[in-house]
Amino acid sequence: MIVEHYHVAVIGGGPAGVAVIGELLFQGVSNIVWFDPEPESAGRLDNYHQVPSNTKVGLFTKYGRKVGRVLEDPDTHVAALTKLDPLKNCPLKYAADMVRSVKQGLRDKCKRLINQSVLNVEKCSLDQDFVVKTANSEARAKIVILATGCHPKSPPFDNGKSIDLDVALDPAKLGEEIQKRKVTHVFVYGNSHSGVLVMKNLDALQVPFKCIHKRDPLYALYMNDCEQIIYDNTGLKGVAAEWCQANWERIDKLSDLSTRIPDDAHVISAIGFERNGGVAISSGNITFWIEDLTRVDSGRLAYENTIIDGLYGVGIAFPGKDVYSYNGETIEEYSVGLWKFCRHIEKDVVDILAYLRRPHPNPSI
């Protein structure tokens, strides 16, 4: 097998993978191999077409224009969004369609697209390259960027009757599931944006439910004197905020996450996301997994406090942090969202470019 050499290997094709490809191309890096098992998709966004966003339309438009600025006409990819009120929220179908459209334009500008899942990433000790392997392909790259995404966390207690969060967030799919499984009552873990939307859907379907939560809901605060949104990542916005403010007091609630769920009840978990796994990474004599990595400065990744040179993480799997002050309190929040991915990736790519400029043992790449 002939192993081709690349400057950068990007693994993942959701919004963060698309954003990092767009930024690299804009910065003049074109010798890229892109590992994306679903090149026609918009990542997990395709699961949430009917879900109301907690991001305003204007930020989706900014993402599309920024990521697609290397394309001939970036505005064509955000045309549907520009017809909406930029200060309002929208169904996530609009964001998914935009990401997919930009992605189709960008993938033709990469040197190679491999539409298979990655099985192994090996950090070579001889010349400090990575070898990225799938079932029937192999590529060598100086830098690997993981944009591998996340999936919903499992509930703290599962009685065997869980309803998938992706189903529960879609009113039509949830209605079909309720009928098919003859659901009589539900316990919902979490009161974040997803949890509140699930409760809203259950309420509309007239299905009794209880919410198990750690704390009362937070609401995003839009400040007049600065651009920072307080509780931007953890606070409720849009449809979720409106429904929760109107209904939270009447909801049947429990605050003990260890509560045992009755055998006849169904469970929906909306307590956040965890990294997708399945990629083994080797460095020297050590092998570890994506789940074992920690994001440090500039998107660099470390294993047990040791930075793996040339390995970077972006997006929801490896989010940056926003740190700000409010009422004398220092607030730290993971920065999750399409436009937020762009902001952090732009900073990360500065370090990535500096690493690429280092002298390389193999002058041919």
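This report covers salt bridges and cysteines in a predicted model.

## Basis

Local features need pLDDT of at least 70 and side-chain atom pairs count only at pLDDT 80 or more, while totals for chains, interfaces and linings use all residues. Residues are numbered from 1 along each chain as its sequence is written, and side-chain values use heavy atoms, with hydrogens and water left out.

## Salt bridges

Side chains of opposite charge can pair when their charged atoms come close. Here a salt bridge is a side-chain nitrogen of Lys or Arg within 4 Å of a carboxyl oxygen of Asp or Glu. The structure holds 22 of them.

One of these joins E4 and R112, with the closest N and O atoms 3.9 Å apart. The pair links distant parts of the chain. E4 sits in strand β1 (residues 4–11) and R112 in strand β3 (residues 112–114), 108 residues apart. Strands (E, at least two residues) and helices (H or I, at least four) are DSSP runs, numbered from the N terminus. E4 is partly exposed at 35% relative accessibility. R112 is partly exposed too, at 25%. The terms are set by relative accessible area: buried is under 20%, exposed is over 50%, and partly exposed lies in between (1.4 Å probe, protein chains only).

## A pair within helix α4

R100 and D97 form a salt bridge at 3.0 Å, N to O. Both lie in helix α4 (residues 92–107). They are three residues apart, so about one helical turn separates them. R100 is buried, with a relative accessible area of 18%. D97 is partly exposed at 29%.

## A pair between strands

E122 and K133 also meet in a salt bridge, 3.7 Å from N to O. E122 lies in strand β4 (residues 120–123) and K133 in strand β5 (residues 130–133), so the contact ties together parts eleven residues apart in sequence. E122 is partly exposed, with a relative accessible area of 30%. K133 is partly exposed as well, at 28%.

Shared partners also build a network of salt bridges. D46, K93, D97 and R100 belong to it.

## Cysteines

A disulfide is a pair of cysteine sulfur atoms within 2.5 Å. By this rule the count is zero. C150 is in no disulfide, and its nearest cysteine sulfur, that of C342, is 17 Å away. C150 is buried, at 6% relative accessible area.

C342 is in no disulfide either. For C342, the nearest cysteine sulfur is that of C110, 15 Å away. C342 is buried, with a relative accessible area of 4%.
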